[in-house]
Amino acid sequence: MSIQTQGNTLTFASIDADAGLRTALAMSRPDIIDTVSDSGMKGRGGAGFPTGMKWNFAGAEKGDKKYIICNADEGEPGTFKDRVILSEFPDLVFAGMAIAGRAIGAAEGIVYLRGEYSYLRSHLNAVIKKRRAAGLLGKDVGGVKGFDFDIIVALGAGAYICGEETALIESLEGFRGEPRNRPPFPVVAGYRYAPTVVNNVETLASAACIFAKGVDWFKSFGTDRSTGFKLFSISGDCAKPGVYEFPFGITVADLLKEVGGENAKAVQIGGASGTCVPRTQFARRMAFEDIPTGGSVIVFGPQTDMLAVAENFLEFFADESCGQCTPCRVGNAKMLAAAGQLKDGVCSAEYLAELRELSGTMQVASKCGLGQTSSNAFMSILEHFGDEIMSRPAQAETARTSA
Amino acid sequence: MLVTQQEQLRAQVTTLVDRLGPGRSSLVPILQEVKTQYHGIDSDAMQIVADLLDIHPVEVYSVATFYAFLNPAAEGQFVVRLCRTVSCDLAGKDAIARQLESELDVAFGETSKDGRFTLDWANCMGMCDQGPALLVNDRVYTRVTPETVREIVAECRAAHDGHAAERKEGYLV
């Protein structure tokens, strides 16, 4: 089952997942966590939380019920690398989950697969079944007495917010996908209020690689503060869209050269909740210390109407906001309305200044990452493409002119 | 709903609950199954699920209306969802949207008079490198052109059960 996505050769293709699992199972639990900490790996979903630290927190919690959740609710616009990983390298993901389970003392793993990827479910279940038969899941995993670990696949139902880890947990428990207050964090009280590690698909697959090839090998890729390689989902106006692997630290310009998007006027990095980077900043680097990213890069060609882009993002957020907290629910609606006003050429600069303030409020007052980041793209487009999107002739007027 | 139909529904939902478990965690999977089987989740179904899970029906309603794929409203046998997010937008989703509306003779958010097709939008469905993309039930079609819209719809019309014909791989390259 593979939807043919193009790109370059991925390191994942050359890794023996089970070699990684065996290496990890031969280690003590604290050593497993230390290895991940030493690798410097940060979460691949985009927020960039150090994976070793997360495992350490969950491992330190008391209690015999703990959970490993694989966040496969890949909903960030422009992101599709997890679909490719799940299609082509599910063994790496499941090995990574078993390693994480061993590290923190969990016996159950759950893959939360987004509803839009329901066609992958039978494929994943088949791989799980095969791993059970091979003794790599189930009782005494890998021949380690007393280490039981199994995985089930749960299906989401079409809600972007469920990619937020506490909303995901609420959804798994049978509730509306509304984010919880934090603290307590999931590592302390997550699924069924037991210690829970929620990791992105790519994070878990990369963890298996670290054990298969070693920490030094992993750190030979990337920068000091952003170690390792990263999968990028490239879409939009470029000759060769697809999933690419690059070491962290690659410049926007170099990336665009690889994918045939050199004449871009801007790129959206990090999906709809990320930032819009104009041509003048193409020397910047993709890394947690410069432009943090979950790997989504949407290329905008010279003809792209940046206001239409901003409006598209805002429609997305206004639709996907869970509605629980006011700054996000109302803020996104206001932002979207303003994009409409800009389109009609009836938005005053003073009102835009107010919107910037509102954006600041949303960033600090929203309950979760959705509201905290949803105005980023609009604000960066306003900042870099103000001339293009302000003082437009009213649409009706344009129509009359062209008629 | 007739009493006999209601009893039949109760029997079917009971089988589902037996299989998936009576815990609250089963609510979403149960509703997914009900939705797939009945193309909607009516108030009788919600009441039955609530009874069996021992929760208030408003809880069921609240969850069903939260998730796009659990929309309780009656939908067609084929739910066509066109991705409207930015990459598919850049790839020309507007032309596909117009073609779908013409081909199916429905507007977005509506169900065709014969009850076979519901046309709706999807937010980013992870096919950004192969847009425009759409889902028909749980089947994905990529690099859709106005011409393939006609073929996809024809396949659905020719299909007897809930699935389009088995030719999907043709669209996945």
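1. In chain B, Asp54(B) has a positive phi of about 60 degrees although it is not a glycine. Asp54(B) belongs to the loop between helix H3 (43-53) and helix H4 (57-66) of chain B, and it is exposed, with 9 other C-beta atoms within 10 Å. As background to both of these residues, most residues other than glycine have a negative phi.

2. Turning to the overall form of chain A, the reader will find 16 helices and 9 strands. The radius of gyration of this chain is 22 Å, close to the 22 Å that the globule rule gives for 403 residues, so chain A is as compact as a globular protein of that length. Taken along the principal axes, its C-alpha atoms fill a box of roughly 75 × 40 × 35 Å. Of the 403 residues of chain A, 56% count as buried, and among the contacts in chain A with a separation of 6 or more, 72% are between residues 24 or more positions apart.

3. The largest nonpolar core has 172 residues, of which Val93(A), Ile99(A) and Ala208(A) touch the most other members. Helix H5 (residues 90-104) of chain A gives the most to this core, with 10 residues. Leaving aside residues up to four places away in sequence, Val93(A) touches Cys70(A), Ile85(A), Leu86(A), Val201(A), Leu204(A) and Ala205(A).

4. Helix H1 (residues 17-25) of chain A has as its buried residues Ala17(A), Gly20(A), Leu21(A) and Ala24(A). Seen down the axis of H1(A), these fall within an arc of 100 degrees, so they line one face of the helix. The spacing can be read against a general rule: an α-helix has 3.6 residues a turn, so residues three or four places apart point the same way. What covers the buried residues of H1(A) includes helix H2 (29-39), H5 and helix H8 (201-213) of chain A.

5. For chain B, the domain assignment gives domain 1 (3-70) and domain 2 (78-171), and the C-alpha centres of these two domains of chain B lie 27 Å apart.

6. On confidence, the model scores ipTM 0.92 and pTM 0.94. Chain B averages a pLDDT of 90, and 91% of its residues score at least 70. Over residues 164-173 of chain B, however, the pLDDT is below 50, although this stretch has 20 contacts in the model beyond near neighbours in sequence. Where pLDDT is low, the predicted coordinates should not be read in detail.

Key: Residues are numbered from 1 along each chain as its sequence is written. Chains are lettered from A and ligands numbered from 1 in the order in which they are written. This is a predicted model: local features need pLDDT of at least 70, side-chain atom pairs count only at pLDDT 80 or more; totals for chains, interfaces and linings use all residues. Helices (H or I, at least four residues) and strands (E, at least two) are DSSP runs, numbered from the N terminus. A residue is buried if 20 or more other C-beta atoms lie within 10 Å of its own, exposed if 12 or fewer, and partly exposed in between; C-beta atoms are placed from the backbone. A nonpolar core is a set of buried Ala, Val, Leu, Ile, Met, Phe, Trp, Tyr and Cys residues joined through C-beta atoms within 7 Å. Two residues are in contact if their C-beta atoms, placed from the backbone, lie within 7 Å. pLDDT is the predictor's confidence in each residue, from 0 to 100. The arc is that of the directions from the helix axis to the C-beta atoms. Domain bounds come from an automatic or database domain assignment. The radius of gyration is taken over C-alpha atoms; the globule rule is 2.2 Å times the number of residues to the power 0.38.
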